[in-house]
Amino acid sequence: MSLDTANPFAAPSTLPYQLTPWRSVRPEHYLPAVEAGIAERLAELRAIAEDDAPPTVINVIDAWERSGQLLGRALGAFWTVQPADTTDELDAIDAAISPMMARLGDAIYQDAALYARVVALNERVEAGEVDADEAARYWLETHLRDFVRAGVGLPAADQAQLRELNARLAELTSAFGRTALAGSNAAAVEVTDEAELTGVSDATRAAARAAAQGRGLDGWLFELDSCTPQGVLSEASDRGLRQRVHTAAISRGWSGEHDTRTLLVEIARLRAERAGLLGFPHHAEYVAADACAKTSEAVRAMLGRLVPAAVRNARAEASELAELQDQELEPWDWEFLAEKVKAQRYSFDSGLLRPYLELERVLHEGVFEAATALYGVTFAERGDLPGYNDDVRVFEVFDGDGSGVGLFVADFYTRAGKQGGAWMNNIVDQNHLLGQLPVVVNNLNIAKPPAGTATLLSWEEVNTMFHEFGHALHGLLSDVRYSSQSGANTPRDFVEFPSQVNEMWALDAGLLRRYAVHHSTGEPLPAAWIENLRAAEVFNQGWATTEMLGASLLDQAWHTTPLDELPAVPDEVEAFERAALAAAGVDYPLAPTRYRSTYFKHIFEGGYAAAYYSYLWSEVLDADTGAWFLANGGLTRENGQRYRDLLLARGGSVDVMDSYRDFRGADPDISHLLKRRGLNE
Ligand SMILES: [Zn+2]
């Protein structure tokens, strides 16, 4: 199958850094390019398997890493635009591509001849007949593991069953994502009586007004955040509105047109079945074996260590909040009252902060400046380079010696057709083999203000910007030979670590003085407020840790429960969820799980199945690293260079825990996380 040369993916992009030529890409280009790309990749791998020459690093590993470039171009573009700016047409293409990719994975990793070729190379390396550097040896180790995990050693009948399971799972998870997104959009809360908006900030009102107009409605429309907590709950004094928004959020997916229960039940059951076929006790063990955690027992132990103190602290926080109102405390009161306590105790007022947190200034004087101070890199906007939407901006990144590092693509604003949350992805992975430099994307969901007015951020949005840019730096500062080992291509329970570390710079006093400046008066954020911002970091951590643990442990329950005890029908989902949270000791109704099963896209759509614990696992590394930076002088070029060289640059080209120990000189110490979240015994 050859691809029409007029298809923009047919040849490498001629734009700087091989940025996707968005202006020439139309939706109908994706599917033919993906289909031809899959055929090309399979042919290239077939040639490796059938090569008669003795196996070498060049004719096996390098050849493998050179394969699939057409597919890489098409998917790099498609998986950038589909989550960020989708349409029914792109959703339909997504539904077609997902099972194709699952089948491709099976075709590669169940190919006995290809496996034999990699095994043969590994034997030659171990016998000293072939030279292989550390990255090549690690490549062999991880790829051999991937073959085994994909069932290369299974009898043919089991392999066929595995292929069926994988293809079906790809369809189901993709359907879950689409249904959950549609359900979330449909559950947006409409307000027609302005009196209900008491306390709601101008920025939030403006966004709600724009959302209503976008759907041809009068009044205001509160689009739901993807998780259980909803931003507007911390602002609205109207208890009825808060209850309505909270109820809308937690009711998503439980009934009606956008009911996701049938999908998620089948997903959980098929994963359990697949784990059994591959010789694992359950899906969680299959996942942990390939991660830093190594076993699901280690995951359980880490989470379990946090539960008692988190719930105890949440209860103490609740009794404090309960004193602020006459009525009994309900989940929809928590964020509103917590905001009040925070305002009293730390003179912390989110509304007063916003004018000091203007997007352009936060980006250039905060996020970019931190990277300059640490890593010596600088940024220049390239208005001449296209995005897939007018809101998309492209920045060129330069190293200290003026050489180009890569492109940073920023898509900050929320829009219909964009998934909730924030994320980073690569369009091009850095690798020396093909001489490619990285093109990385950050997506946020900041409400777009009316034209001509400044974008003023919440403190949480500032943190998210630093967080996502931490992922971007992992991709941008990668310095490896193979694209499959590039940047953020690391285990799931490690990948959040560099992004979480980057959040610490949001609170750096020197940077805050630069980036937190009143957008109209030019006054810097008062020094006392900066102190309060830092002090407020420990506030409400019992609640925040409990809702995070709820989601992590619910995920583990779905993926450790034996097949015959998992729900078999939608009606059993609610009882399963309740029992799982109770058994884990996190069934505290005032701090509901951050995601309920029916809208838990991380685990039923994305790649975080049995791996939602990764955020807390990475935070152990993050808190430990934060302590190291602070003990060594904080934001300095010297500290940044060490972290860049030993951690970011190496990506997934070595065992990441080896990188970690090289950087830190020790294993991570969980006590820094306990301290940060106020969980010390
Ligand atoms: Zn992240």
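## Basis and overall form

A residue is called buried when its relative accessible area is under 20%, exposed when that area is over 50%, and partly exposed in between, with a 1.4 Å probe and protein chains only. By this criterion, 58% of the 681 residues of the protein chain count as buried. This is a predicted model, in which local features need pLDDT of at least 70 and side-chain atom pairs count only at pLDDT 80 or more, while totals for chains, interfaces and linings use all residues. Residues are numbered from 1 along each chain as its sequence is written, and side-chain values use heavy atoms, with hydrogens and water left out.

The protein chain has 27 helices and seven strands, where helices (H or I, at least four residues) and strands (E, at least two) are DSSP runs numbered from the N terminus. Its radius of gyration is 25 Å, close to the 26 Å that the globule rule gives for 681 residues, so the chain is as compact as a globular protein of that length; the radius is taken over C-alpha atoms, and the rule is 2.2 Å times the number of residues to the power 0.38. Along the principal axes, the C-alpha atoms fill a box of roughly 80 × 60 × 55 Å.

## Contacts, surface and charge

Contact means heavy atoms within 4.5 Å. Of the contacts in the protein chain with a separation of 6 or more, 75% are between residues 24 or more positions apart. The accessible surface of the protein chain comes to about 26900 Å², and carbon and sulfur atoms hold 50% of that area, as given by the Shrake-Rupley method with a 1.4 Å probe.

The protein chain carries 59 positive and 100 negative charges, whose mean positions are 1 Å apart. Lys and Arg count as positive and Asp and Glu as negative, with His and the chain ends not counted, and each charge is placed at NZ of Lys, CZ of Arg, CG of Asp or CD of Glu.

## The zinc site

The zinc ion is coordinated by H467 (NE2), H471 (NE2) and E496 (OE), at 2.0 to 2.1 Å, and these donors follow the spacing H-x3-H-x24-E along the chain. Of these, H471 lies in helix 16 (residues 459-476) and E496 in the loop between helix 17 (492-495) and helix 18 (497-503), so that this pair, 25 residues apart, links distant parts of the chain. Both H471 and E496 are buried. Donors are N, O and S atoms within 2.8 Å of the metal (3.2 Å for Na, K and Ca), and sites may look incomplete because water is not among the atoms.

## Selected residues

Y17 is buried, with a relative accessible area of 16%, whereas Q18 counts as partly exposed at 31%.
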